[in-house]
Amino acid sequence: MNIQKPLFPKNLLCFSHLRWDFVFQRPQHLMSRFAVEMNVFILEEPIFENLEAGYLAIDNRHEQLTIVTPHLPFGLDQELEKLLMRKLLTEFIGETDLNDWIFWYYTPMALQFSDHHTAALTVFDCMDELSAFDFAPKELVLLEKMLLKTADVVFTGGHSLHEAKKDQHNNIHVFPSSIDKTHFSKARTADEEPADQANIKGFKLGFVGVIDERFDAKLIEEIALKRPEWQIVLLGPVVKVAMESLPTGTNLHYLGQKNYQDLPAYLSGWDVALIPFAINNSTRFISPTKTPEYLAAGLRVVSTPIRDVVKPYGIEKLVSIASNADEFISAIEHAIAQNDTAEWKNKVDVFLSDKSWENTFEEMKKKMHWTLFETDKLLAS
């Protein structure tokens, strides 16, 4: 007798440590694509307020994408917070069949209130070494170990992170930062910069991303001081570091967080793009999404020696690697002196030709299908 294979689950619950409306990056790219094919629920971290009882705020962004934000009372101790989150999650799932659900974790911390449910498929998309970030909860390392034991399939956000985790799971796959080439290549033909940047005249260096403990503020300050005629444009929110701790000067321009849709217009006005990350524990395993985005925009790029930038981008001579302000200045001057622009952009395009979020999404789905069906996970449950 033929046993019919079960259908792919129709609901995906994503446990996210990042707000949906924060910087548009890996979770948004992937979850937006899943939401075309199934019901996707993004469960954000709690907001604490002056409440008597907790509740889940439900925000339907479109027919199959819903943002779920817990609102919890101030002053709960850790145990009460976990119990309340467990209750809210159980009420949210309700009477639905867990064989109709995929649990997708970006933060192992969510295991504290979700481990009493077993979905058809549990995915851990390990996009960063969160335990290395400032203010990381002390329980994070232990919870990640537990998640690596319970997850059915694990994805990593870069090669160095994969090297660090590959021996901790038997179904782990590397999916480095990808690219929406069509979107960022608009920078190559845009003919007008946004007003706040258009007012900045002169040679422009640019950075887009979160400005936090990974950002090498001292490096940027030195470049700004040594080349006062260069304008340094910094786009992105300031998080976990005090604004007053960042360098200031007439050639340093903090323009704040920008809408993802507007980024190509900003990049179109830059002469060289920067990846000025400090070399520390928080950057040891990162694979910056901005690397292929800058390149797709047609920009020369100078980066500190982040491992997942050096290999492959530095080795392929698509990105210049520099370790200090003087090396950055030399690399920038070399970049602007190049006259092989068309040849270089062609090399970039060839390298990026098979790298897209669409390809990443499809390949991830293949791994998920294999885990569910080829291993007969659902049939055995």
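Leu219, Glu222, Ile223 and Lys226 in helix α8 meet Ala325, Asp326, Phe328 and Ile329 in helix α12, where contact means heavy atoms within 4.5 Å. By class, this contact of α8 with α12 has five nonpolar, no polar and three charged residues. Here Ala, Val, Leu, Ile, Met, Phe, Trp, Tyr, Cys and Pro count as nonpolar, Asp, Glu, Lys and Arg as charged, and the others, Gly among them, as polar. You are looking at a predicted model, in which local features need pLDDT of at least 70 and side-chain atom pairs count only at pLDDT 80 or more, while totals for chains, interfaces and linings use all residues. Residues are numbered from 1 along each chain as its sequence is written, and side-chain values use heavy atoms, with hydrogens and water left out.

Helix α8 spans residues 217-226 and α12 residues 325-337; their axes are 9 Å apart and pack at about 60 degrees. Axes are lines fitted to C-alpha atoms, for helices over the stretch in contact, with angles from 0 to 180 degrees between N-to-C directions. The two helices are therefore oblique to each other; angles under 35 degrees count as roughly parallel, over 145 as roughly antiparallel, 65 to 115 as roughly perpendicular and the rest as oblique. The crossing of α8 and α12 is right-handed, that is, the near helix is turned clockwise from the far one by less than a right angle. Helices (H or I, at least four residues) and strands (E, at least two) are DSSP runs numbered from the N terminus.

Now turn to another pair. Helix α1 (residues 26-37) and helix α14 (residues 357-374) have axes that come within 10 Å and cross at roughly 65 degrees. That makes α1 roughly perpendicular to α14, and this crossing, too, is right-handed. Among the residues that meet here are Arg26, Leu30 and Phe34 in α1, and Trp357, Phe361 and Met368 in α14.

Which residues of helix α4 are buried? In α4 (residues 140-150), these are Leu140, Leu143, Glu144, Leu147 and Leu148, buried meaning under 20% relative accessible area, exposed over 50% and partly exposed in between (1.4 Å probe, protein chains only). They cover an arc of only 145 degrees around the axis, which puts them on the same side of α4; the arc is that of the directions from the helix axis to the C-beta atoms. The face turned away carries the exposed residues Leu142 and Lys149. Among the elements covering the buried residues of α4 are β6 and α3.

The loop between β6 (101-105) and α3 (111-114) holds Thr107, which counts as buried at 4% relative accessibility.
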